[in-house]
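Visitor: I would like a walk through this structure. Could we take it question by question?

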Amino acid sequence: MRKLFGIIFFILLTGCANTMKPTDFKDQKPRLIIEKYLSGNVKAWGVLQNRSGKVTRQFSADLNGTWDGKQLVLKEKFNWDDGEVQDREWTINKIDEHNYEGTAGDVVGKAKGYSYGSAFKFEYVLLVPVKGKEIKITFDDWIFKQDDRVAINRATMTKFGFKVAELTVVFVKD
């Protein structure tokens, strides 16, 4: 019983210890204004890793965003290395200087976005096709602007609170 309590305590302690917050980046530069960065054409390349870290898929993507002063419409086209082509269209509304809400056809409910300094955090639940079914996967998405052209995205994907995969993406703005 003592060992079980120790294991549970360790899991709870390590699971909560290193949580980043968007405000941690409030003073970092260059500032990422997501609607400005994603307006126009952006190219992306990424790798999907399973929970053990093994790369399971790779992709390239073309993104095209249109900002009207209040809303960003972002069209994404993913070309996966296994031949699958995936399209997604985001509608992202700017609530205030730091807060955003987004929707897409395969997103459950609304995505929540937070922008501070060089970072943008996007949280959402995505319907992911797996063996003929759609399963709900929670995304904890972080984008970090490197310079005027380059941003790096790290996403942790979870199911029932357990990590199932990670996604790393490099964006290059035309």
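Visitor: What pLDDT does the protein average?
Guide: This is a predicted model, so confidence comes first. Of the residues, 90% score at least 70. The average pLDDT for the protein is 91.

Visitor: Which stretch has a pLDDT below 50, and how many contacts does it have beyond near neighbours in sequence?
Guide: The stretch is residues 4–14. Where pLDDT is low, the predicted coordinates should not be read in detail. Beyond near neighbours in sequence, the number of contacts that residues 4–14 have in the model is zero.

Visitor: How many bridges join strand β1 to strand β2?
Guide: β1 covers residues 40–50 and β2 covers residues 55–67. The two run antiparallel. The bridges between β1 and β2 number 10.

Visitor: Which residue in the turn between β1 and β2 has a positive phi?
Guide: β1 and β2 form a hairpin, with four residues between them. The phi in question is about 100 degrees. It belongs to Gly 53.

Visitor: What stands opposite Ser 60 in β3?
Guide: β2 also pairs with β3, residues 71–80, through nine bridges. These strands run antiparallel. The residue opposite Ser 60 is Asn 79.

Visitor: Which residue has a positive phi in the turn between β2 and β3?
Guide: β2 and β3 form a hairpin with three residues between them. The phi is about 105 degrees. The residue is Gly 69.

Visitor: Which residues is Lys 26 in contact with, leaving aside its neighbours within four places in sequence?
Guide: Lys 26 is found in the loop between α1 and α2. Lys 26 is exposed, at 54% relative accessible area. The C-alpha atom of Lys 26 is 8.3 Å from that of Ser 115, 89 residues apart along the chain. The contacts are Tyr 116 and Gly 117.

Visitor: Is Lys 131 buried or exposed?
Guide: Lys 131 is in the loop between β7 (119–130) and β8 (133–145). Lys 131 has a positive phi of about 50 degrees, though it is not a glycine. The cut-off for exposed is over 50%. At 83% relative accessibility, Lys 131 is therefore exposed.

Visitor: What is the relative accessibility of Phe 160?
Guide: Phe 160 lies in the loop between β9 (150–159) and β10 (162–173). Phe 160 is not a glycine, yet its phi is positive, near 55 degrees. Phe 160 counts as exposed because its relative accessibility is 72%.

Visitor: How far away is the nearest side chain of opposite charge from Asp 141?
Guide: Asp 141 lies in strand β8. Asp 141 is buried and has no salt bridge. A salt bridge needs the charged atoms within 4 Å. The nearest side chain of opposite charge, Arg 88, is away by 8.1 Å.

Visitor: Which side chain does a polar contact join to that of Asp 141?
Guide: Leaving aside neighbours within four places in sequence, Asp 141 is in contact with residues including Phe 120, Tyr 124 and Ala 155. The polar contact spans 2.6 Å. The partner is Asn 153.

Technical notes
Residues numbered from 1 in each chain as written. Predicted model: local features only at pLDDT ≥ 70, side-chain atom pairs only at ≥ 80, totals over all residues. Heavy atoms only, no water. Buried < 20%, exposed > 50% of the residue type's maximum accessible area, 1.4 Å probe, protein only. Lys, Arg positive; Asp, Glu negative; His and termini not counted. Polar contact = N/O pair within 3.5 Å; in protein donor to acceptor, adjacent residues only side chain to side chain. Contact = heavy atoms within 4.5 Å. Pairing = 2+ DSSP bridges. pLDDT = per-residue confidence, 0-100.
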